[in-house]
Amino acid sequence: MADQLLSTAPDYHSLPENYIRPEDQRPLLAEVDSDAHIPVIDMGVPDRSHVVSQIGHACRSYGFFQVVNHGVPVELMLRLLVVTREFFRLPPTEKAKLYSDDPSKKVRLSTSSNIRKETIRNWRDYLRLHCYPLEEYVPEWPCDPSSFKEVVSAYCKEVRQLGLRLLEAISLSLGLEEDCLVKALGEQGQHMAINYYPKCPQPQLTYGLPAHTDPNALTILLPDPDVAGLQVLKDGRWIAVKPLADSFVINIGDQLQALTNGKYKSVLHRAVVNPEKERISVASFLCPCNYAIISPPERLISEGSPAMYRSYTYEEYYKKFWSRNLDEEPCLELFQS
């Protein structure tokens, strides 16, 4: 099955039939707004209340923002991009050892999104890793490249701390106690998707990933600094996200939309591909523990703003998410009150 990986295939001169979207589902790249911007938040500003206010505005209005001066060492971010690119250049026999299309596996290399369910594939390979607690999962991670475990472990620790700081700021921006959302999410799991998008002969016919929302609580994306590809839906129009140097792109996941009773939005986003260059991105996901009850704090519910979603466990949600195609309607809609 590993021969299905795009990263082991020769360069394509035309798109294989099973990657071509019907005409009404194509990305319409000429209509994407390349001049708009998502908010950029400088986390190094001494006035924390100002940072909290900016984060609240971004979560309400966009569901996405970039952060700079975030505290994660830039050298570590660059080392991660180097080692992940080296991974996807390993010989096919090495990558075959990690290949799986079973979404329940804690460490797996796969392609597209969920090929057990899909009829049309996405132009993407990815390495999926569980990352917390590290001591439980690192032994199963790839040993090649030789620095992979060291670099990715160090990165995961830094990104987790950034995520927890962001969740505290998001709590404060809602008028909640600083630790409210962290407590509600329980002992949070942490996953990582290292995405590889090869250059594509006909990018106007396919996606790296089609429009979707994220099933987790918070996503921290390390974008490729040289090749854009992420697009966000804003007011019915697709916006191309231009990654800033040394920045992360942050987005609200479905669980925060439910916990904030819809005040903060888990927004549709997608990845498009490039005809001339490959692209790497690394998405880190903070997830509720499986048995966390997803239900908004009482302060966010009122007679004029009743609970939008029924209470559920994250385990229930996650199973439902992986039973469906990525390009179906957002999974959160199935949990409406």
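Here is a chat about why some parts of this predicted model get the labels they do.

User: Let's start with β7. Why is β7 called largely enclosed by the rest of the structure?

Analyst: Buried means under 20% relative accessible area. In β7, 5 of the 5 residues are buried, so the strand counts as largely enclosed by the rest of the structure. Leu218, Ile220 and Leu222 point one way, Thr219 and Leu221 point the other way, and all are buried.

User: Which strands pair with β7, and how do you know that they pair?

Analyst: Two strands pair if there are at least two bridges between them. β7 has 4 bridges to β10 (residues 248-252), in the antiparallel sense. With β12, β7 has 5 bridges, also antiparallel. Because at least two bridges are needed, both links count as pairing. For a look at the details, find threonine 219 opposite asparagine 251 in β10, and isoleucine 220 opposite serine 284 in β12.

User: What holds paired strands together in general?

Analyst: Strands of a sheet pair through backbone hydrogen bonds, either parallel or antiparallel.

User: There is also an open sheet of 4 strands. What is its order, and what makes a strand an edge strand there?

Analyst: The order is β6-β11-β8-β9, with antiparallel pairing. An edge strand pairs on one side only, and that is the case for β6 and β9 (237-240). From one strand to the next, the twist averages 20 degrees.

User: How do you know that β8 and β11 are paired?

Analyst: The cut-off is at least two bridges, and 3 bridges join β8 (residues 230-234) to β11, so they count as paired. The two run antiparallel. Leucine 230 has alanine 271 in β11 as its bridge partner.

User: What lines the largest cavity?

Analyst: There are 32 lining residues, and Arg124, Leu209, His212, Asp214 and Phe285 lie nearest the centre. Elements giving two or more residues include β4 (125-130), β5 (189-197), β7 (218-222) and α8 (314-322). β12 gives the most, with 5 residues. By class, the lining has 17 nonpolar, 10 polar and 5 charged residues.

User: And which residues line the second largest cavity?

Analyst: Among them are Ala211, His212, Phe321, Arg324, Glu328 and Cys331. The lining divides into 6 nonpolar, 3 polar and 3 charged residues.

User: What about the largest pocket: what is its volume, and which element supplies the largest share of the lining?

Analyst: The largest pocket has a volume of about 500 Å³. Of its 25 lining residues, Lys106, His130, His191, Asn290 and Tyr318 are the closest to the centre. α8 supplies the largest share, 5 residues, while β4, β5 and α8 each supply at least two. The classes here are 11 nonpolar, 7 polar and 7 charged.

User: Why is aspartate 179 called partly exposed?

Analyst: Partly exposed sits between the buried cut-off, under 20%, and the exposed one, over 50%. Aspartate 179 has 33% relative accessibility, so it counts as partly exposed. Its place is in the loop between α5 (148-173) and α6 (180-185). Aspartate 179 and proline 275 are 96 residues apart in sequence and 45 Å apart in space, C-alpha to C-alpha.

User: What does the UniProt record list for residues 188-288?

Analyst: An unreviewed UniProt entry lists them as "domain: Fe2OG dioxygenase". In the model, that span is 6% helix and 44% strand, and its end C-alpha atoms lie 5 Å apart.

Note on methods:
Residues are numbered from 1 along each chain as its sequence is written. This is a predicted model: local features need pLDDT of at least 70, side-chain atom pairs count only at pLDDT 80 or more; totals for chains, interfaces and linings use all residues. Side-chain values use heavy atoms; hydrogens and water are left out. Buried means under 20% relative accessible area, exposed over 50%, partly exposed in between (1.4 Å probe, protein chains only). On a 1 Å grid over the protein atoms alone, a cavity is a set of points where a 1.4 Å probe fits but cannot get out, and a pocket is an open set with protein on both sides within 12 Å along at least five of seven lines; lining residues have an atom within 4 Å of a point. Ala, Val, Leu, Ile, Met, Phe, Trp, Tyr, Cys and Pro count as nonpolar, Asp, Glu, Lys and Arg as charged, and the others, Gly among them, as polar. UniProt positions are given in the numbering used here, feature names are shortened, and annotations may be inferred rather than shown by experiment. Axes are lines fitted to C-alpha atoms, for helices over the stretch in contact, and angles run from 0 to 180 degrees between N-to-C directions. Grid points are joined across faces, edges and corners, and a volume is the space filled by probe spheres set on the points.
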